[in-house]
Amino acid sequence: MNANIGPTDRLVRIIVGLVLIVLALVPGLPLAGSPALQWLAGIVGVVLVVTALVRICPIYRLLGLSTCRLPRR
């Protein structure tokens with residue numbers, strides 16, 4: 001499978017994913033009051049980090065999108 005996540009998209013996904021994971025795990029933060037929000041934030045955070053690491057986003061593939069730069073000729 002070809003990568004469809006570019007460098008900027010990858011960096012944003014890693015940062016947002018790590019922030020969501022931290023928000024889900026640290027007690028006393030706004031998400032700590034709702035277990036459902038904690039789980040949701042944790043799952044979304046993990047998905048964002050994993051897709052950034054493998055550089056493939058299934059939703060982008062379904063929609064025919066790519067944030068990778070086109071190779072120069």
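The legends below describe close-up views of a predicted model.

**View 1. Helices H1 and H2, seen where their axes approach each other.** Two packed helices are described by the angle between their axes and the distance between the axes. Helix H1 spans residues 7-25 and helix H2 spans residues 35-54; their axes come within 7 Å and cross at roughly 155°. Because angles over 145 degrees count as roughly antiparallel, H1 and H2 are described as roughly antiparallel to each other. The crossing in which H1 passes H2 is left-handed.

**View 2. The salt bridge between Asp-9 and Arg-13 in helix H1.** Side chains of opposite charge can pair when their charged atoms come close. Here the side chains of Asp-9 and Arg-13 meet with an N to O distance of 3.2 Å, and the count of salt bridges in the model comes to one. The two residues are four positions apart in helix H1, so about one helical turn separates Asp-9 from Arg-13. Both partners fall under the 20% limit for buried residues, since Asp-9 has a relative accessibility of 15% and Arg-13 has a relative accessibility of 10%.

**View 3. A nonpolar surface patch formed by Val-46, Val-50, Leu-53 and Val-54.** Together these four residues have about 350 Å² of accessible area. One of them, Val-46, is found in helix H2, the helix that also takes part in the crossing with H1. With a relative accessible area of 44%, Val-46 is classed as partly exposed, because this value lies between the 20% limit for buried and the 50% limit for exposed residues.

Methods:
Residues are numbered from 1 along each chain as its sequence is written. This is a predicted model: local features need pLDDT of at least 70, side-chain atom pairs count only at pLDDT 80 or more; totals for chains, interfaces and linings use all residues. Side-chain values use heavy atoms; hydrogens and water are left out. Patches are made of residues with over 30% relative accessible area and no salt bridge: like charges are joined within 9 Å, nonpolar side chains (Val, Leu, Ile, Met, Phe, Trp, Tyr) within 5 Å. Accessible areas come from the Shrake-Rupley method with a 1.4 Å probe; for residues, only the protein chains shown count as cover. Buried means under 20% relative accessible area, exposed over 50%, partly exposed in between (1.4 Å probe, protein chains only). Axes are lines fitted to C-alpha atoms, for helices over the stretch in contact, and angles run from 0 to 180 degrees between N-to-C directions. Angles under 35 degrees count as roughly parallel, over 145 as roughly antiparallel, 65 to 115 as roughly perpendicular and the rest as oblique. A crossing is left-handed if the near helix is turned anticlockwise from the far one by less than a right angle, and right-handed if clockwise.
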